[in-house]
Amino acid sequence: METNSTPHRDALDRLADRDGCRQALDACVSGSHEGEVVGLVAIKLEQLRDINLELGYDVGDALIAEIASRLHSCLRPTDILARTGSTEFAVILPALAGTGVPLLAAQKFLRRCTESFKFNARRVKPSLSFGVSACPEDATTAELLLHHADVALRQACRSGREIVAYGECERSEDQPNIQLERAFEAAIDQSELVLHFQPKIDLHTGFVIGLEALSRWTTDDGQSVPPDRFIKLAERNGLILPLTLWSFDAALRECQSWQSTLPGVSVAVNLSATLLAEPELTDLVSQALNLWELPAELLTLEITESAVMSHVESSLDALQRLSELGVRLSLDDFGTGYSSLAYLKKLPVDELKIDRVFVDDMLSTDEDRCIVQAVVDLAQNFGLTVVAEGPEDEETIVALTLMGCTQAQGYVVARPMPAEAIAGWLEASPWKVSTGLSKVASK
Ligand code: C2E
Ligand code: CA
Ligand code: CA
């Protein structure tokens, strides 16, 4: 199904390959003047393989072409973009004024390239890593500059940081994953990992009905690693089970403490779909609930739609067992996967969570509004709760309410916050007492 003949594809084919990149870099280095810096940014698109498998090669091809075009749009006429591997690019930045400039350029590429991408009604949030090297600081030959940018890139991929400059890299060549595993284990042990909580409200009553637990990791040198990245790392390094067990424990402990002031309020924990294959999962969930003496219905497990759909038959058993235990199941990022109605009917889920890419643009884009309405209608027909994720303003809340959406979770209600901030937020927030509509109408 690969589409080879699109104009994008042709533009991609015209980019220099790794050899061409080395030659161009060589020319830039030897032609550079006293005091000038030549920067090199190595770039890797992380999720192409998954996208090819889950959404098809045409989406993967379009994404790689889109990344090339976005990178291109950030360049000066003298900069050179090369395609150094199937999922890798390099940008040569000649004649720069200072050593910090390549890093600034990488930050610009990151911002531009990670904007969400839409292709044939499919949405993808690109995930990229960047490694930066500079001449003369890090090396004065093209070969070494390329090598150093690669070392920095590998460290970015492994450490979960988006951009790494060679100058700040650990010099020991191939840092084994064991080091990351230790950092993670230590993070769990030493409370470098914490949960933040984001409220979910009922749009008709305005009551807070639950809070989603979202993990946060700040490393001991003060760097905060985005959850999207450390979750992926944890999955790759066999650490997702300890991480999830830690989050069950921490989330249920908080939920237990809320019951005196917010009786019946539930907690949602994100469950990585790889754990659906874990034979002990139901027992572990049950033990955690017993430990905190909470009824199962106060725990919602959020699992992404695309992950469930890509292993639907094997997920079904695990979902069934969890459902029998009494926990609520939510299909997260709904609308971005491939749910067929036949499967949706079979899945023992209680909730659909509309992905925030649709909610983001629903007031300005007809197509997104139609998708939101379709998911709301689908949920109603199947007797499921429907949560809109990511409303950032009150107009969106009003529109969602009028469309029949029952619940919302987004910055307009509250950003994710540490557990100790919840009481203060509740005190100041109108959401617990008034209805969503009357709150907005009273403005
Ligand atoms: P998610 O499950 O889709 O979580 C919602 C994400 O949307 C959160 O990002 C939240 O901060 C963000 N969000 C909520 N409302 C708004 C809004 O109005 N506007 C915008 N722009 N964003 C909003 P966060 O915390 O960065 O989490 C990202 C993802 O990382 C989560 O996406 C979830 O898939 C994953 N994740 C986080 N914690 C855990 C965890 O403990 N375990 C697992 N397996 N995954 C986790
Ligand atoms: Ca979630
Ligand atoms: Ca989501």
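Visitor: Is Q407 buried or exposed?
Guide: Q407 counts as buried, at 13% relative accessibility. Buried means under 20% relative accessible area, exposed over 50%, and partly exposed in between, with a 1.4 Å probe and protein chains only. This is a predicted model, in which local features need pLDDT of at least 70 and side-chain atom pairs count only at pLDDT 80 or more, while totals for chains, interfaces and linings use all residues. Residues are numbered from 1 along each chain as its sequence is written, chains are lettered from A and ligands numbered from 1 in the order in which they are written, and side-chain values use heavy atoms, with hydrogens and water left out.

Visitor: Where is Q407 found, and what does Q407 touch?
Guide: Q407 is found in strand 16, residues 407–409. Strands (E, at least two residues) and helices (H or I, at least four) are DSSP runs, numbered from the N terminus. Leaving aside residues up to four places away in sequence, Q407 touches several residues, among them K200, E351 and T385. Contact means heavy atoms within 4.5 Å.

Visitor: What does D332 coordinate?
Guide: D332 coordinates both the calcium ion (ligand 3) and the calcium ion (ligand 2), which are 4.3 Å apart.

Visitor: And where do D333 and E389 lie?
Guide: D333 lies in strand 13 (residues 328–334) and E389 in strand 15 (residues 385–389), so the pair ties together parts that are 56 residues apart in sequence. D333 is partly exposed at 24%, whereas E389 is buried at 11%.

Visitor: New topic: how many aromatic pairs are there?
Guide: The count comes to three aromatic pairs. Rings of Phe, Tyr and Trp (its six-membered ring) pair if their centres lie within 6.5 Å; planes under 30 degrees apart count as stacked, over 60 as edge-to-face and the rest as tilted. One of these pairs is F117 with F119, stacked at 6.4 Å centre to centre with 15° between the planes. F117 is buried at 6%, and F119 is partly exposed at 23%.

Visitor: Why is the pair of F197 and W258 edge-to-face?
Guide: The ring centres of F197 and W258 are 5.1 Å apart and the planes stand at 85°, so the pair is edge-to-face. F197 lies in strand 8 (residues 193–202) and W258 in helix 9 (residues 240–258), so parts 61 residues apart in sequence are tied together. F197 is buried at 1%, and W258 is buried at 6%.

Visitor: What is the order of the open sheet?
Guide: The open sheet of five strands has the order 2-3-1-6-7, with mixed pairing. Two strands pair if DSSP finds at least two bridges between them. The edge strands are strand 2 (80–85) and strand 7 (163–165), each pairing on one side only.

Visitor: How many residues of strand 1 are buried?
Guide: Eight of the nine residues of strand 1 are buried. Strand 1 (residues 37–45) pairs in the antiparallel sense with strand 3 (residues 88–96) over seven bridges, and G39 stands opposite L93 there. Strand 1 also pairs with strand 6 (residues 128–135), antiparallel over eight bridges.

Conventions: Donors = N, O, S within 2.8 Å, 3.2 Å for Na, K, Ca; no water.
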